[in-house]
Amino acid sequence: MQVHARARDYPQSQFGGVLPHEAELTAGVRIQPGRSYGFFTDTTRCIGCKACEVACKEWNNLPADNVGLTGMSYDNTGALSANTWRHVAFVEKIAGPGGGPAEMPPYQSQWLMMSDLCKHCHNPPCLEACPTGALFKTEFDTVVVQQDICNGCGYCVPACPFGVVELSETDGKAHKCTLCYDRLKGGLEPACAKSCPTDSIQFGEIADLQSRAAERVEQLHGLGVASAYLYGAPGSPGATGDLGHLNAFFLLTDAPEVYNLPRAPTRASNRVRPSLATGLATMAGFALAAIALLGRRA
Amino acid sequence: MSDAYRGETYYGRSQLKPSPFGFMVSLYIYLAGLSGSAQMLATIGDLFGGRAARGMVRRGRWLAMLGTVCGPALLIADLHTPQRFYNMLRILRTSSPMSIGSYILTTFGLTSTVTAAAQFLADRCGWRRLLGVARAASVPASVAGAGLSVYTAALQSSTSTPHWAVSPRSLAMRYGASSLATAAAALSLGEHRFGDPRTARRLDALAFGALLVEWIASARARGDLRRTGVAAALSGSAPERLERAAAGWGTLLPAGLFGASLLLGDRGRRASRSASLLTLASGLALRHAIMLAGNESARRPAASFAMAQPRNLPHMES
Ligand code: SF4
C-alpha cells in the first residue's frame, strides 16, 4: 500500500492525541457517516500470526475464552464467540501415505489460514430477528448490538447463518464484532486491520474493496492460483439466498466448508411469511371444521 | 431425494450456534398452542354451539388463562436479562416472529383476561349481561389464539437452524394441528367428566381429524428434511428418535383410540380419556423433540453444510 500524502504532515514519532482522520494514514480511507465500510480478508496473505485476535481482545477489553490446546493445528481459539470476535482458522493439508507433495504450488497451497469474523451482512438475519431493536445498522453500514437495549432473548444466535453472535454467560447479553464502531466514530481504522502485518485484512469502503479484491483474484489467476475466488462479494458463494453482499468478505482458495463457511447461506426472514401464512390457513381450516361440528345445535 | 453431506468440515466443529432455548421454551410453545386453540374452540362454541356448548365454552376460557399466566412467565424467565423484558414491546419488527409473537401474546393475554373475568363474574354474581362482554373480548382473543398456535413454528423456521429452517410450511401445519388436537383433547376430558357427552364426542372427532393432519404434516416435514440432506445428518440421534415417536405413535395411537371411542358411542368414554391424555402428552413431546432436534442439527456441520448447498436455493420446500 502506498503511503498517504498526509503522512508528511506528521514526521514525529509520538503524538499528543489521536490524529484527525487517522484511518487516512493507516488505511488510505477517510471514515464518513453515510458510507459503507467493511473488510476484505485476503487469505492468501494470512500468515496465521493472530495479531488481529490479540488487537481485537485488547481494544474491546474481551476476556479469554479458553486457555489450552485444541489439537487442531495452531487453532487454539476454536470458534467465534461472545468474547472472541476474530478467529484465525488453520487447515494443514497433509498429503496421504508416501509423504508430502514433491512440489508446492505458491500461496498457501498446503496450509490455509483465514481470519474469520462477523460478516456484517447486507441483509443481516441477526438484526431481522432481533425483537428489541438492540441490533441495528450503524451510519457506517455495519451491524452492532446495543448493549443497553439487548435483553438476552438469544433469538439472534440461531438466526445468524454463520454461527457468529452468542450470548455471554457473564452479562446475559448478545455480543459480536462491532467493526470497531467506537474507532470508526473517531476516524480510526478497526484494530484488527490496523494490526495486520501482511495486509491480509484490508479495511475500506465496500465498493473500493470489492474492486481491489476482483483485481487480486485476477492477479492470482495470472500467477497460476486457479483456485482463488471471492466469498461474500456480490454474486459469489456466501452472498446467496437474498443475504445480499457481505461487508466482511474473503478471498479463498479452497471449498468454503474447509474454512467452516456455508456455501449457500440464506436470509432467514424470507421464511416468516410462508410459515405464518400456512399456519394461519391451517387454523382457518380447523375453525371451519369446528363450526361445522360444534355448530349443530343439540 | 438427496443424501448426506460427505464433504470436508472444519475438524468436525459446528458451523452454526444452537439456539439457547430449552425445555422452558418447548413448554411455552406447547401451552401457547393449547391455550390459543382452546380459546378459539370456546369462541366457536359460544357463537355457534348454543346451550349445549356452554360448559365447554366456560372451560375453554379457563384453559386460555393457562397460556396467559404461564406463557409470559416462562418467556421472561428464559431471558438472560429478564429485568428488561419490556423491551420486547419497544418496537414492532415484521421480519421477526419473536416480535410479532410478543404482540400476539400481549393481545391474547389482555383479551383472554377480560373474557375470563367477565365469565367468572357472570357465573358467580349472576351478572348475565357480562356474558356479552366476554363474547366481545373472546373474538379478538381467539384470532390472537389462532396466531399463538402457529407463530412459534414461524419463529423456529425463520432461523438458520437446519432442522427448523428446511420445513417452514410443514412445521406450521404440525404446530397448528397439534395445538388444536391438544385443545380439543383437554376440552373433551372436561366434557366427558362434567359436561355434555355429545359435545365431548364432537370434540373427539375434531381431535381425531387434527391428529391425522398432524401426522400428514409430519410426513411432509420428513420429506423436506430428507430432500435437503438434513435428515441423514441427524439419523440415529436421540432427538430424532423422540421426534419419530411423538410424530408417529404419538398421533396414530390416540387417533385410533379416538376413532374407536367414536364407534363405541357411550361405551367409548375410557378410550376417549386415554386418547386425550396421550394427545396431551405427545403434544409436549413433539415440541420438545423438535426443539432438541433443531439444536442438535445446528451443532452438526453435516446438517448445516447439507442445508447450505446451492441446490437447496432459493426455495427449500417442494
Ligand atoms: S454474520 Fe451473523 S452476526 Fe454478523 S451481521 Fe451477519 S447475521 Fe449478523
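Between chain B and chain A, 32 residue pairs are in polar contact, counting pairs with both residues at pLDDT 80 or more. The model you are looking at is predicted, so please read this briefing as a tour of that model.

**Where chain B meets chain A**

- Five helices of chain B, namely α1 (23-48), α3 (97-125), α4 (130-157), α6 (168-194) and α7 (197-227), each supply at least two residues of the side that touches chain A.
- Of these, α4(B) gives the largest share, with nine residues.
- By residue type, the side of chain B that touches chain A divides into 43 nonpolar, 24 polar and nine charged residues.
- Counting contacts, 76 residues of chain B meet 78 residues of chain A.
- The size of an interface is often expressed as the accessible area lost when the parts come together.
- Here the buried area is about 6,300 Å², and carbon and sulfur atoms give 64% of it.
- On the chain B side, Tyr10(B), Lys17(B) and Arg202(B) lose the most area to chain A, and together they make up 13% of what that side buries.
- How many salt bridges does the rule find across the interface of chain B and chain A? The count is zero.

**An open sheet in chain A**

- Strands of a sheet pair through backbone hydrogen bonds, in either a parallel or an antiparallel way.
- In chain A, four strands form an open sheet with mixed pairing, in the order β8-β1-β10-β9.
- β9(A) and β10 (residues 248-252) of chain A run antiparallel and are joined by three bridges.
- Within this part of the sheet, Leu230(A) stands opposite Leu251(A) in β10(A).
- Helix α7 (residues 206-222) of chain A lies across β1 (37-42), β8, β9 and β10 of chain A, and runs at about 135 degrees to β8(A).

**Salt bridges**

- Side chains of opposite charge can pair when their charged atoms come close.
- Over all chains, the structure holds 24 salt bridges.
- One of them joins Glu128(A) and Arg267(A), whose closest N and O atoms are 2.5 Å apart.
- This pair links distant parts of the chain, 139 residues apart: Glu128(A) belongs to helix α3 (residues 125-129) of chain A, while Arg267(A) sits in the loop between β10 and α8 (272-294) of chain A.

Conventions: Residues are numbered from 1 along each chain as its sequence is written. Chains are lettered from A and ligands numbered from 1 in the order in which they are written. This is a predicted model: local features need pLDDT of at least 70, side-chain atom pairs count only at pLDDT 80 or more; totals for chains, interfaces and linings use all residues. Side-chain values use heavy atoms; hydrogens and water are left out. Contact means heavy atoms within 4.5 Å. Buried area is the accessible area (1.4 Å probe) that two parts lose on being put together, summed over both. A salt bridge is a side-chain nitrogen of Lys or Arg within 4 Å of a carboxyl oxygen of Asp or Glu. A polar contact is a pair of N or O atoms within 3.5 Å; within protein, one must be able to donate a hydrogen and the other to accept it, and residues adjacent in sequence count only if both atoms are side-chain atoms. Ala, Val, Leu, Ile, Met, Phe, Trp, Tyr, Cys and Pro count as nonpolar, Asp, Glu, Lys and Arg as charged, and the others, Gly among them, as polar. Two strands pair if DSSP finds at least two bridges between them. Axes are lines fitted to C-alpha atoms, for helices over the stretch in contact, and angles run from 0 to 180 degrees between N-to-C directions.
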